[in-house]
Amino acid sequence: MNILVINAGSSSLKYQLLNPETGDVLAKGLCERIGIDGSKLTHKAKGLEKVIEQPMPDHTVAVSLVLNALTDKEVG
């Protein structure tokens with residue numbers, strides 16, 4: 001089982017997906033400018049980086065985008 005760690009600020013959300021047995025970071029990312037124009041998600045996994053520029057009016061939308069990125073077939 002992997003662990004998803006989320007650190008939510010007022011206009012940002014950082015996350016890491018960890019394997020607790022090995023300590024490996026499987027994926028990590030940052031949602032920036034939540035509730036502000038120019039919102040984007042930067043997701044890193046499998047040596048790849050994916051940037052999604054999309055409005056994030058609140059943290060609920062940001063978490064939804066994070067879960068979509070983590071389950072993406074290419075970089076999830």
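Two strands pair if DSSP finds at least two bridges between them, and strands themselves are DSSP runs of E, at least two residues, while helices are runs of H or I, at least four residues, each numbered from the N terminus. This is a predicted model, where local features need pLDDT of at least 70, side-chain atom pairs count only at pLDDT 80 or more, and totals for chains, interfaces and linings use all residues. Residues are numbered from 1 along each chain as its sequence is written, and side-chain values use heavy atoms, leaving out hydrogens and water.

**View A. Strand 2 and strand 3 run antiparallel.**
Seven bridges hold strand 2 to strand 3 (residues 25-32), with Tyr-15 standing opposite Gly-29. The hairpin they make has six residues between the strands, and Gly-23 in that turn shows a positive phi of about 80 degrees. Strand 2 (residues 12-18) has Leu-13, Tyr-15 and Leu-17 on its covered face, and Ser-12, Lys-14, Gln-16 and Leu-18 on the uncovered one.

**View B. Strand 1 also runs antiparallel to strand 2.**
Here six bridges join strand 2 to strand 1 (residues 3-8), and Asn-7 has Lys-14 as its bridge partner.

**View C. Lys-50 and Asp-72 meet in a salt bridge.**
A salt bridge means a side-chain nitrogen of Lys or Arg within 4 Å of a carboxyl oxygen of Asp or Glu; this one spans 3.3 Å, N to O. Lys-50 belongs to strand 5 (residues 48-53) and Asp-72 to the segment after helix 1 (59-70), so the pair ties together parts 22 residues apart in sequence.

Methods. Buried < 20%, exposed > 50% of the residue type's maximum accessible area, 1.4 Å probe, protein only.
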